Amino acid sequence: CFVDSDDVLLTDSFPLEILAEHGYDIVGFNMLKIDGKGNGTPYRRYRYCYGKVYEPAATFMKGRNLMPCVCAYIFRRQMLTEAGLSFIPHIYHEDEDFTPRTFAAAQSFVAVNVDFYGYRDNEDSITTTLDTRKQEWKLRDLVSILRGLRQSAMKDERFRECTQYKMDYLAVDTLRLLLRMKHSKKFRNEIIASLKDIGLFPLHWHWNIKHIAFNILTRYIFR
């Protein structure tokens, strides 16, 4: 498992026998958002599929915007090493690449209704920073990740089927970040041109009211 330096594992709550007896490749669990007073608010992502085993794990990804944070899972190390899975070094949000590839390679996934991980908001993190330079670095990294996922999808139909929904919503996140701050016209054009080249702009249609509205908005703004 992976743990950020300012977070905490609620180790007494995890049923370790799940790992020992069944040998699942990936196990998901609930996370707690911990405030400044130490109070935790549950974040449950698997309300309709606790205990269901997905074999292969990639079937869980279809039609879902997969949670990328590696802290949200326990991975079987042997599976990672046999599949040759590792992080891309020196980029922001490397788990956006790592987690989909891991689900595509894993033979099994199960989610358990256990509050196991406590995470704390960090005002200086890359997800919240208003530093323009860092945000531009992050956006270029997201485009690079999308390009790599797309290249893999072009070579493997099964990978494409499993990751298409994730890639669509990663493109949404990229555009949201682009709109969040005032970037130069040159930089905005760079990101949009890259998304067009990858085949993710204009956004693909998904029949969700918020997504439809955002799709129309971005087509108008970046026309």
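Helix H4 covers residues 132–155, and its 24 residues reach 35 Å from the first C-alpha to the last, close to the 34 Å expected at 1.5 Å a residue. The expected span is 1.5 Å times one less than the number of residues in the helix. Helices (H or I, at least four residues) and strands (E, at least two) are DSSP runs, numbered from the N terminus. At the start of H4, the backbone nitrogen of Arg133 has a side-chain oxygen of Asp131 within 2.9 Å.

The model is predicted: local features need pLDDT of at least 70, side-chain atom pairs count only at pLDDT 80 or more, and totals for chains, interfaces and linings use all residues. Residues are numbered from 1 along each chain as its sequence is written, and side-chain values use heavy atoms, with hydrogens and water left out.

### Salt bridges

Side chains of opposite charge can pair when their charged atoms come close. A salt bridge is taken here as a side-chain nitrogen of Lys or Arg within 4 Å of a carboxyl oxygen of Asp or Glu. The structure holds seven salt bridges; the table gives some of them.

| Salt bridge | N to O distance |
|---|---|
| Lys166 and Glu96 | 3.1 Å |
| Arg101 and Asp97 | 2.9 Å |
| Glu190 and Arg140 | 2.8 Å |

In the salt bridge of Lys166 with Glu96, Lys166 belongs to helix H5 (residues 157–180) and Glu96 to helix H3, so the pair ties together parts that are 70 residues apart in sequence. Accessibility is sorted by relative accessible area: buried is under 20%, exposed is over 50%, and partly exposed is in between (1.4 Å probe, protein chains only). Lys166 is buried, at 2% relative accessible area, and Glu96 is buried as well, at 8%.

Helix H3 also holds both Arg101 and Asp97, which are four residues apart, about one turn of the helix. Asp97 is buried, with a relative accessible area of 4%, whereas Arg101 is partly exposed at 22%.

Glu190 is partly exposed, with a relative accessible area of 31%, and Arg140 is partly exposed at 39%.

### Aromatic pairs

A pair of aromatic rings is described by the distance of the centres and the angle of the planes. Rings of Phe, Tyr and Trp (its six-membered ring) pair if their centres lie within 6.5 Å; planes under 30 degrees apart count as stacked, over 60 as edge-to-face and the rest as tilted. The structure holds 21 aromatic pairs. In one of them, the ring centres of Tyr46 and Tyr50 are 6.3 Å apart and the planes stand at 75°, so the pair is edge-to-face. Tyr46 is buried at 2% relative accessibility, and Tyr50 is partly exposed at 25%.

Tyr46 also pairs with Phe109: the centres are 5.9 Å apart and the planes are at 55°, so this pair is tilted. The pair links distant parts of the chain, with Tyr46 in the loop between strand E3 (40–43) and strand E4 (73–75), and Phe109 in strand E5 (residues 109–120), 63 residues apart. Phe109 is buried, at 0% relative accessibility.

These residues belong to a cluster linked by ring pairs, whose members are Phe2, Tyr46, Tyr50, Tyr54, Phe60, Tyr73, Phe75, Phe87, Phe98, Phe103 and Phe109.

### Backbone geometry

Most residues other than glycine have a negative phi, and most peptide bonds are trans. A cis peptide bond joins Glu55 to Pro56, with omega about -5°. Pro56 lies in the loop between E3 and E4. Another cis peptide bond runs from Phe201 to Pro202, where omega is near 0°. Pro202 is in the loop between helix H6 (185–198) and helix H7 (209–221).

His90 is not a glycine, yet its phi is about 65°; the residue is exposed, with a relative accessible area of 75%. His93 lies in the loop between H2 and H3, and its phi is near 55°, a positive value in a residue other than glycine.

Conventions. Polar contact = N/O pair within 3.5 Å; in protein donor to acceptor, adjacent residues only side chain to side chain.
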